[in-house]
Amino acid sequence: MRHLTFKTATNFLLPLLLLFSIFILLRGHYLPGGGFVGGIIAAIAFVLHAFAFGLKDTRKLLKIKPMSLMPAGLALAVFSAILPIFQGLPIMTGLWMNEPIPVIGLIGTALLFDLGVYIVVLGVALTIIFTISESV
Amino acid sequence: MGINFDFLVDGLSLLFALMITGIGALVFLYTSAYMQGDRYLDRFYGYLCLFMGAMLGMVLSDNIFTLFVFWELTSISSFFLIGYNNESKASRKSALISLTVTGLGGFFLLAAFALIGNITGTYSINEMIGSAAVLKAHELYLLIIIFLFIAAFSKSAQFPLHFWLPGAMKAPTPVSTYLHSATMVKAGIYLLARFTPVLGGVLVWNNTLTIVGGFTMVYAAFHSIFKKDLKEILAFSTISALGMLVFLLGLGTSEALLAATVYIVVHALYKAGLFLVTGIIDHETGTRKIFKLSGLRKVMMPVAIAGLLAMISNAGIPPSFGFIGKDLIYESALQLNMNATVLTAVAVLANTLLLYASILVGIKPFAGPLPDTYKEVHLPDWRLWVPPLFLGAVGIILGLFPVIVEGGIITPALLSMHPTAPKIHLKLWHGFNLVLGLSAVTIMGGLLLYFSLKPSIRHEVWLAKFNKLSPQNLAIYLSRKFRDFAGLWTRLLQNGYVRIYVLVIISFLTALLAYQSFTQVRFYVDPAKISPLTSAEMVVMLILITAILYLVYTPSRLAAVAAMGVIGYCICLIFVFYSAPDLAMTQFAVDTLTVILFVLVLYRLPKYITYSNWLIRLRDGLVALFFGLLITILGLEVLNEPTSKETTQFFAENSYTLAKGKNVVNVILVDYRGIDTMVEITVLTIAALGVFALLKLQLNKYDQEL
């Protein structure tokens, strides 16, 4: 599967897919999309890279172990959930900034939470796929 | 939860607490000499203290659940103590049997307590007495007392749950003295006495206790005269005495309850004394076989006196406290309105047999000539013979001056079982009457039996013929069968083949759904509610069905995976048609990932071989068809059900105003049902860790990097 065309295409597709996954994550609050789909698309991007260049190169590209993404994402989600407590509000109350930021849009705890979901899904998918492909 | 450490000292708990601490102190003293130099002495004391604490906690608890916890703790400490000689197989087996039986009882106790707590609305025993009338009239009353009886009978060794107690005699003698005659086995008696004001006084309560107790006391007393091992004789006479107590609680009159209260004290005093004497004999001569022992009075006089005193109390010979106890038993049986003659006769019979047993243990080893083998035996350490002598002396002193315990202990204990009992007066001499006559008959009968029935090994052999029918063997047989059945069941269902698991789950679900649909659902499809198929949908359906057929018949594994992908994408398209873009998108991404995963694995698998024959395929096909059919019916039925639009409307209206989102699906995921999502991503993480652990964790090279 290590065809030159495939490799070259992957070099372009990887950043595009990652950008697309973030785009999907951000638009989730208004239009179809969200953290779950975004995370899976990002995982597909890396798996594609692994197909083209081999698992070793993908690990090098990732720099961090996919397993460590899972606790990071979970921590982020929990953090966004308990953030309202510090303002004296019940847990998981949505907090929002007053003015939207250009390109990204309105930022609030829900977005942070979705980002946590995104990271967890990415970590889970990559962990499972990497583990299986190394073991068989 | 209402589960508090509520403690309450009333007459009944005081009586038991005094017994536990008093006899406990003597047993600790005795142990220090008896177990001297033992390898695990520290452990032994630890278990004994655990037991003592648990037992005290149990009799002092007012909250039923604290009582339950302490009840279980006594079973557990008893298990450790019976299995104390952990190198002996017999002792380990006995420990396990006793834990099984008493643990089973504990299980029923919890069930009974849960029911009682639910009905009365309180977990405090003291408050329950107020709701006694409600409980007795409740439809679950019968179930409650059955559960309670199973618990009490298992702990207090009533027929047919008595068989663990003789086995428990494998424990060191101090344990047998303390747990298996004086205190722990009385926990069941305590339970029944404690709940007499709450649940007692009903005909079925009284009759069950009278019959079970009466039968147990005669059955066990009869067994005790055939046993040749001192401890086994005592074990069966203990069961018999416990039967007597249950019998008295069953009679339920204030006289009977008084007799039970006195007999609890009497029995604890003389039985503990006899056990301690047996322990000394065993310790000094190395045997407990009754026909080998005689004449020991010549070498250990104080022990012989202790044995004699305990036997006098046991036999109910004046002026012992046992005499008062036995008088009260006969009196309460005679004063009954119904069946007085039969019940009195049963009590006299049991007492006669018990008297014979007590002579065997208390006098036989000390009487007659001393065999040469025991010439070297000498009087043991004072810590061994003072406790039984003390217990024997107390039995006589209380007989002479019953006023010592009358006001402080017996009366309050009686009042906590029977709040309206008349004032009592214990005394030794009642004058010449029928009760005295019965006492004389008992003593004469016992002596006659002793002189006519010499102990010999033949009796035990004769009795062994009936072993096949004994509850113990039946229980062991049943549990063995149960184990075989569990093995069979496990091999059948948990056989490790994923395909069988899936088949069983789907078949079960299909059967359940089919039953439910045939009984509850009326099949009716409203054609007006079904929208016509568009041409696009037709095309997708066609592709879908082709892909499924291809998947089933293809000989190539890779092609099958590709077909699965096609099916997934078709479903995505259907989601799109029915305006669920979020779902379609996610399904699309997940399907892509799944196909990649399959390809990764399949790439390395060996060539595709068909293992299944046509019969298995037919079976699987039928299961799949039925399941699909049922889901279709279910889907059509959903259309008929009236749906509530309330939640949908709420989400639609408030998504933007409250959560500042326009995509309702996403707002539900991250805001309204955020906790759900949180749990879901945690589950995902656990699944990934599971995959990693399954594939990567090889014990010798687990430091491999991911």
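So, domains first: chain B splits into domain 1, residues 1–200, domain 2, residues 217–455, and domain 3, residues 645–706. Keep in mind that this is a predicted model. Going by C-alpha atoms, the centres of domain 2 and domain 3 of chain B sit 71 Å apart.

Is B:T31 buried or exposed? Buried, with a relative accessibility of 0%. If you skip the neighbours within four places in sequence, the residues around B:T31 are B:Q36, B:F44, B:Y45, B:L48 and B:P174.

What does B:L293 touch, leaving out residues up to four places away in sequence? The list is B:L230, B:I281, B:T285, B:T287, B:R288, B:K364, B:P365 and B:Y374. For a sense of scale, take B:F598: its C-alpha is 81 Å from the C-alpha of B:L293, and the two are 305 residues apart along the chain.

Hold on to B:R288 from that contact list, because it comes back in the salt bridges. Over all chains, the rule gives 9 salt bridges. As a reminder, side chains of opposite charge can pair when their charged atoms come close. B:D229 pairs with B:R288, with 3.1 Å between the closest N and O atoms. Where are those two? B:D229 is in the loop between α11 (203–224) and α12 (230–251) of chain B, while B:R288 is in the loop between α13 and α14, so this bridge ties together parts 59 residues apart in sequence. B:D229 is buried at 10% relative accessibility, whereas B:R288 is partly exposed at 22%.

B:D229 has another partner too: its side chain meets that of B:K289 in a salt bridge, 3.8 Å from N to O. Again that links the α11–α12 loop to the α13–α14 loop of chain B, this time 60 residues apart. B:K289 is partly exposed, at 31%. Put together, shared partners join B:D229, B:D282, B:R288 and B:K289 into one salt-bridge network.

One more pair while we're here. B:E232 and B:K227 form a salt bridge through their side chains, at 3.7 Å from N to O. In this pair B:E232 is partly exposed with 25% relative accessible area, and B:K227 is buried at 13%.

Last topic, the interface. Chain B puts 40 residues into the contact and chain A puts in 43. Together they bury about 4000 Å², and 79% of that is on carbon and sulfur atoms. How many salt bridges cross the interface of chain B and chain A? The rule finds 0. On the chain B side, α25 (581–602), α27 (646–659), α28 (664–672) and α29 (674–696) each supply at least two of the residues touching chain A. The largest share is from α29(B), with 14 residues. By class, that side of chain B has 24 nonpolar, 9 polar and 7 charged residues.

How values were computed. Residues are numbered from 1 along each chain as its sequence is written. Chains are lettered from A and ligands numbered from 1 in the order in which they are written. This is a predicted model: local features need pLDDT of at least 70, side-chain atom pairs count only at pLDDT 80 or more; totals for chains, interfaces and linings use all residues. Side-chain values use heavy atoms; hydrogens and water are left out. Contact means heavy atoms within 4.5 Å. Buried area is the accessible area (1.4 Å probe) that two parts lose on being put together, summed over both. A salt bridge is a side-chain nitrogen of Lys or Arg within 4 Å of a carboxyl oxygen of Asp or Glu. Helices (H or I, at least four residues) and strands (E, at least two) are DSSP runs, numbered from the N terminus. Ala, Val, Leu, Ile, Met, Phe, Trp, Tyr, Cys and Pro count as nonpolar, Asp, Glu, Lys and Arg as charged, and the others, Gly among them, as polar. Domain bounds come from an automatic or database domain assignment. Buried means under 20% relative accessible area, exposed over 50%, partly exposed in between (1.4 Å probe, protein chains only).
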